[in-house]
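Hi,

Here is the structure I promised to pass on. Have a look first, and my notes on its aromatic rings follow below.

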Amino acid sequence: MVNMKGIVFTTDVIIGLSFAIIIILAFISVEFESTFPEKRYERLNYVADDILNLLSYLKVRSIQDRPTIQTLIQNGTLKDEDLNKTVLDLIGSFWYADNRTLAENITKEILEELYDDFCISLTTSNESIYSSCGINTQDIAVRAKIDSGYELGRPVSGHIARAFLSSIKRKTTSSYSYFGGYVGDGNLSIILTLPSFEAIEEAYMELDVGNNFTLYINGNSSGSYIKGIAGGGNLRSDKWTVCNTTFNPLYCSYFKTGNNTIGIYFNNITDNYVGGGYFKVKYNTSEMGSEQENIDTYIFPNINGFINLFSSFYIPGDLNKLDVHLHYKNNYTTYLTIGNTELYRNNDTNEQIVDITNTTLSSLLDYQNLSRKTIPIRLGTEAYFTAMRGNADVILLTDVSGSMNWRLDSSSTGTTRDCDNPNLYSPSTKRISLAKCLDKEFLDIILNATGNRVGLIAYSGKPNWIPSSNVQPIRSSHDLSSDQASLEDQIEDDYYPDGATGLCGAIRQARAMLEQQSNASRQKYIIVMTDGLANVQCDLVNEYNTIGCIPRFCPNTDYCTGGGCLYSQCGDYVSDRASEDAVNDSCRAYVSADAIIHTIGFGPVANCPLANTTLLDIANCGNGEYYASGNATELQEIYRNIAEEIVNITFTAQKIEVSGEAAMDNILYPDSFIQFNYTPIVIPYEYGEISLTRETERFKVFSGDDIDIPDKEGWFNVSEHIKIVDAKVTSYSSEFWTDRLYVKNSTEQWDRIYWLGDYGDIYIVLGDPFIVQLPVNYIDVGNNSVRIGTGTSPTNATGGSPDDRIIYSLRLKESVGYGGVFNSSEIALDDARQRLIDKVGDYVDFDLEDVDIESKSVSGIRWLWGPSLFNIMVWEK
Amino acid sequence: MSAKGQIFSIDFLVACTIFLITVTILYVYWGYTTIQIEETRFTNDMTDKLNLASQVWFKEGTPIYWDSSNVIELGLQNNHEFNETKMNNLNSIGYQRVMTLVGILSYNFYYRLYDENNSTLFEFGLTPSNSKNLVRSKRVGILNGSIAFLEVVLWSI
């Protein structure tokens, strides 16, 4: 028991002591802080406040003894004005100029000496500029400030400026006067209107001129000019500076305010024309341009000689009213054509003053069709002595087979008659007699146009035996020639009927003559006349062998190489293979000699279906027409029509060729005009837009100095910053017609936007533009290419000039904001202007002379970096 | 007899001893804790007053450019720098009134402004001597465009 009691006692004591010790230890472990935590944090905040305040307002000058600052002063990085920056400005300037080490060093040299018992860190944009020690606590005071400051190296105050284009500068500008596509034939003058000006800077002209001339400015001789000496030539212009302030200044003194007469007086009697060009005067003036009106006038040039004008005008809107006033004296018939409508024709030889009113014109013209288009106009002279220049080579094939000895209407022998016989067109006349006369008349028409040539082939087939393997179809021939007498002698002397009908051999001979005697620049025709059916077959191997073969009667086909046989049809013998050979040779002539083949069914053959089919096939394969008649008068009409069509289509020159005595005292007075009233297409001005006119380089810069056939290519780039409001393409066409303009933009597809062929195939009655309008809706941002060319007919292109170019008007609105800080407002303004020029110059050729620049300077401006957020963090060490 | 004798047993004596020791310890500690809390409250109060005294140097006061005759609220800064005129005005105002304006009546205070070389630029107040309780603060500001350090001491006897 005693032992048991002792154990219990001991246990109680131990438990009691344990409780007591636990309680004591619990109390002892409780610590009492000497200050409240919020007071310490408050203290950190005060320190952070002080540091941020110090950095924000302490000037660099007061810490210039710091090593880093001293170094920066010594190496010139810090200038005296920089010492007035605040320390935080300086740190920010270096930091945001990527001089981060400098920023850190400056911060360190200031902050590390301030407190011994605190850690300090400066950060900006979540990046540490400087930290005195690592962060090992969560009790951190943070003070933040958004600040900006001077950019180092910039003036701390000064002037800044911005600039924007405000208006066209009218101090220096130019006036133009354009010639048409062809203005002739004689001495010429045009009117050039000048506003009130202070001084003429330069007079300049570009002309594709036909001959040497003397220039007159307001009646004063202003120099003699020699064609071709200044870059001119076929489809090229001579470029002459007439005068400027140092070169022939006397000539410049001849100009006056208002209308100036620019006279071109030729030194010879031929080639007195201008085939496109313009006269430009550059001058100083303070007069502003007038607003666009809805009335415009085309003024005819003054022509002394033969009135022969090919030109155009453009109506920049919807045509409402048109009036024509003509004042002229012409000893011959005068006619006026607008588009393809002849509006006026008169053969009165007295001085004429003619007004064609809107009432008349509106009934003759489709005003809607004239609107917003380049419209050709033609004012011409028609007289018996005038002739046009052609480039046709025509081979006239005449059938002299035995049947040509018969009457026109039957297989009976006809009567021989001369061309002046009144019964020539009687059915009783021998076919050969009629054919010879029609051939001569054909010659007369074709050769009336200087430059055309005719070749002759009389064909049949001899020996005319059935069968015969060595048949010569060519009875006589005459090379291409413009010698009408020689050709007529050939017809008169060598055309007599005998033999078969060797059609294919004759066509072969014609093709060979064209290939040998003509060239690619000339238009070639073959006129095939026959009164019978083809019955001489041709060599299938040698395409130039004219010797043929007359086969046996069907069904025997073994005589001629390649088969074939004769049978009777329409009162004659025919071979199907001979017909096929003729068609095939027609195709060859068209393909290899570029010849158009017309066919004429002469006499009763017109009523023979097989003959019609063959002749139609020959014409079709030669891209020509088939005509046929058994009536002599109708045949005469057919020959005439073919000849006249060839003459019209192959006119190559707008120049009048005078033969014989002609009265030269014809005058087109300069008060003649076409006035049009229209509703303009208004492209509204946006606020701040200005307008400029620009020229591209000549097309030779883009596509070489050659005359490219059928057209010449050039291009221009349009920036997205500009708006094209007008564009036109010049075309030096010499004595040809500017007949085509194509444009290609971002669509990569060539669109034909002008085609003289729309007004007809016969160019000689149509006008010829020197300037072809390029509709702005075809112009895209980016590269815009154009092709322009000339021709004498829709099928005969004569090429585009390397001197052509695009002239376009644009609008732009541009400005530059405030730039650098400068010590003077003048420098700031110059800087703004230069920045504006540099900016605009990226997309348009630009010159200070072109525009006024409105600029504004503001003084006392600092060049700022930032604003940026700076944090000062403080915590206890 | 046996039952009565058990009350004064050794067990009882041991238990009483332990209890008394525990109570004694608790009493002593309670006294200590009370003193500690009081000291902390006193220190914090001094710290508050110290902050008041130091913040006077970092505000402009009322009026902004006060002088001894019109001062309503003390403040020794203008344009983010210590204003020497205002500093000198402290002398005109006098120690006791400054104490009142700052709101530290129960403590003595001492200001010392010195530069980076520890050269005294300005001082005001009573230099601590035989101080029983003393708190001090270091602040940084700008005087005449240069860095100046401010030492503020609050103390009581």
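F82(B) counts as buried, because its relative accessibility is 3% and the cut-off for buried is under 20%. Keep in mind that this is a predicted model.

The ring partner of F82(B) is W57(B): the centres lie 5.4 Å apart and the planes are at 90°, so the pair is edge-to-face. W57(B) is buried too, at 0% relative accessibility.

Now for chain A. Over all chains the count is 39 aromatic pairs. One of them is F442(A) with Y639(A), edge-to-face, with 6.4 Å from centre to centre and 90° between the planes. This pair also links distant parts of its chain, with F442(A) in helix 9 (residues 431-448) and Y639(A) in helix 14 (residues 632-649), 197 residues apart. F442(A) is buried at 1% relative accessibility, and Y639(A) is buried at 2%.

Finally, there are charges over rings to look up. K145(A) lies over the face of Y57(A), 4.9 Å from the ring centre. R511(A) does likewise with Y544(A), at 4.5 Å from the ring centre.

Cheers

Key. Residues numbered from 1 in each chain as written. Chains lettered and ligands numbered in written order. Predicted model: local features only at pLDDT ≥ 70, side-chain atom pairs only at ≥ 80, totals over all residues. Heavy atoms only, no water. Phe/Tyr/Trp six-rings, centres within 6.5 Å; stacked < 30°, edge-to-face > 60°. Helix = DSSP H or I, 4+ residues; strand = E, 2+ residues; numbered from the N terminus. Buried < 20%, exposed > 50% of the residue type's maximum accessible area, 1.4 Å probe, protein only. Lys NZ or Arg CZ within 6 Å of the ring centre and 35° of its normal.
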